Amino acid sequence: SPFFQTRHCRHMMTASRGLRWPRVCEDHGGTTAPALHHSRRLRAQLAGAALIVGGASFSGLLRLPTLHRASAVPICMCAPKKASRRSRTATARPRTRRPRGRPPKPKSVATVHPAADQSPPRQGPLPGVFRIRSCQSNRYLRATDQGVLLHDEGESSKEHLFVFVPGIGPLTGFTRLLHLATDMSILYTTDGFLGSFNGDYLDHYWRIVDQDGERFLLQSRNGDAKLFSNADGRLGCFPGEFYEDQLFCCEDEAGHTLRLSAERGSYGLQDTGFSWDGYMLDRTIFTDALHAGHYVVEESSGQLGLLQEERTLPGIPQGGIGAPAWGSGEDLRLAEMEQPHAWALAHVPLLAKLRDAGLVSAEHPSNEAYVTRDPATDHYAGNGLPPSGAIRFALQPVSAGQAVDYEPEWLLAWHGTGLHNIEGIARWGLQARVPFACNESKIFLSPSFRYTFSLYSTLDLLVQKSRFRLVVETRVRPDSFREHGDPYQFCSLPCVEPCIPEEQMEWELRSNEEDIQVVGLVLKQLCPYHPTLRHDSIQRHGRKALMHL
C-alpha cells in the first residue's frame, strides 16, 4: 500500500429525488450508476515529486487518482431556475467599491457569559465546527439538499454548521467547506455556477485569504472569483477588486467570533498529539474536524498527505522510513490506573452524561480493565477477541428495545459507530438499518476490537492532548450471522487485524434484532500505532456526530 495518499475521487450518480440532481457514489469501488452527461469533463493526472528513497521514487508513496472536475452545466446541474439565476456571477453589481486599504473592523459579536451557577455544556466545545457569517449582511451560509447555496437572515441553527476539510497533494493550501446537515460542500465552477454538491471535486476548493485573523475572503480555486453576501439579498461570486460584502467570519455555537489559524498553510487541521519519528515528513501528525484520517506534511514539497496503514515501501526494512510516535500527547495507561472508571467519568463528558442517565457506573461489579498485552498472542477460534489496554463499562443487557438476561454462551462481537448513537444504543440496543445501495436492513459487527476501534468509531473523545474512542460490546446468537471480508477493500486488513482471517472480519446480520445483545461500552486511548483511515463510513459518522452532539 502507498505511504500516504491524495484524496479519492468519487463517481457521480443520479439521485432518487424529484430533481435530477447528481449524487456521489459512497460505495468504495462499487458499481457505478449511469453517469450524467457533461458538456466538458476534464481529467487531470497528478504527478508525485521525484524524491528518491531506497531505490524507489517518492511518487510511489502517493496514490495518484484521476480527479474529475465537476464543471456543472444546466443540463446536469438542474437546480431550480430561480436558484440558478441567483447563483450566477452575471449578477450586476451597482454598488460602491470598497475604499483601498484595510476596511474598518466590524463590531465584535457580543460575548455571552454564563451565569455563575450555570454549568458548561455537557459535551464542551467541538473544535473545528462553526457557522460562516457575512460581515456585511450578517447572513449565515447554508446548503440545501437540492444543491442550492443560501444565506439566511436571523438566528443561526445547527442547519448552518460547517467544517473545513483541508486539501491534500496539489490542493494543499486550499480548503473544502463541508456543510454538516447535507454532507455537501460549497462549489463554484468555471461555468459560473455557485451551489453545493456531494463528494470531493476540484470545484469544491477555496483559498481562505486571511484579512486580520477573524475576517477572511473566500476565493475560488477556479480563478480569482470571491464569494459575496450582500445586505440587499444577493449571493454570488465576483472577480476583481475586493468589496466589503466579500468579507466573512466564523462563529461558534455561542455566537463568538473565532480567530482562524492555519497549520503549515492549511486550515482545518488539528494536532493529534502524535509525531513522525523518521525522515521525509514533518514531525507533527494532524487530523481534521471529522477525525477521519491522519495528515502529514512532506518536507521537500510542503504538500499535505494522508498517512496510510502501511508505512514502508516494499524492499525497505520495517521502520526504514519512520513511524508515528508520541508527540505533545502521552500514553495515560488507562487500564493501569488505580480507579480508571472513576477517572473516565470525571474527564469524559459523554460518559458523565451516561452516568447521570443511570446507564453506566464506576462501581458496577461487571466493569473490567483489560491490561495491555502483545496482540501476537491472540488466537482466533470463532469468538470475538478482547481488547487490550482498555476499560469496560458494563451495561444492563438490552436487545430489540428491551432489557434482557445476559447470555454468556453467545459470541462476543464489537460494533463501531458515531458518538451521537452511543446513548440510544445503550438504552435500546442495536437497530437494523438499510445501508447505502442495499434494499434490506442489516446490522454489521466484527469479532475484531481493533478493526471497529480503528476504522468505525468516531469522534475522538478529547482529554487535553489525549484522544479516546468508544466501542460497543455485544453478544450475538451463534449461527445467526454471515461472515465475510471488508466489501470496500479500502485498506490492508492484515495491518489492522493480523489475527483474524480477512474473509471473517465482518459479521452481517439481517433485521432480527433479538439475536444481538448490547452488554457494554469499552473506552480505549488512541495511540500512534493505531491506523486511522479516511473512508465514507467514518466521515458520515463523524459528520452526524458533530451535528447532534
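**Reading a sheet and a helix**

Guide: The protein chain exposes about 23,700 Å². Carbon and sulfur atoms supply 49% of that area. Keep in mind that this is a predicted model.

Visitor: How many helices and strands does the protein chain have?

Guide: The chain has 7 helices and 36 strands. Of its 549 residues, 55% count as buried.

Visitor: How do I read a sheet, and in which order do the strands of the open sheet with E35 stand?

Guide: Strands of a sheet pair through backbone hydrogen bonds, either parallel or antiparallel. Here 3 strands form an open sheet, ordered E31-E35-E34, with antiparallel pairing. Strand E31 (443-445) and strand E34 (482-484) are at the edges. Each has a single partner strand, so one side of each lacks a neighbour in the sheet. On average, neighbouring strands of this sheet are turned by 30 degrees against each other, direction ignored.

Visitor: How many bridges join E34 to E35?

Guide: There are 3 bridges between E34 and strand E35 (residues 506-509). Look at His484: its bridge partner in E35 is Glu506.

Visitor: Now a helix. What span does H7 reach from its first C-alpha to its last?

Guide: Helix H7 (residues 536-548) has 13 residues and reaches 18 Å. That is close to the 18 Å expected at 1.5 Å a residue.

Visitor: Is H7 mostly covered or mostly open?

Guide: Mostly covered: 10 of its 13 residues are buried. Among them are Ile538, Leu546 and Met547.

Visitor: What covers the buried residues of H7?

Guide: The cover includes strand E9 (129-134), strand E12 (161-166), strand E13 (175-179) and helix H5 (449-455).

Definitions and conventions. Residues numbered from 1 in each chain as written. Predicted model: local features only at pLDDT ≥ 70, side-chain atom pairs only at ≥ 80, totals over all residues. Heavy atoms only, no water. Pairing = 2+ DSSP bridges. Helix = DSSP H or I, 4+ residues; strand = E, 2+ residues; numbered from the N terminus. Axes fitted to C-alpha atoms, helices over the stretch in contact; angles between N-to-C directions. Expected span 1.5 Å × (residues − 1). Buried < 20%, exposed > 50% of the residue type's maximum accessible area, 1.4 Å probe, protein only. Contact = heavy atoms within 4.5 Å. Areas by Shrake-Rupley, 256 points an atom, 1.4 Å probe, with all protein chains shown as cover.
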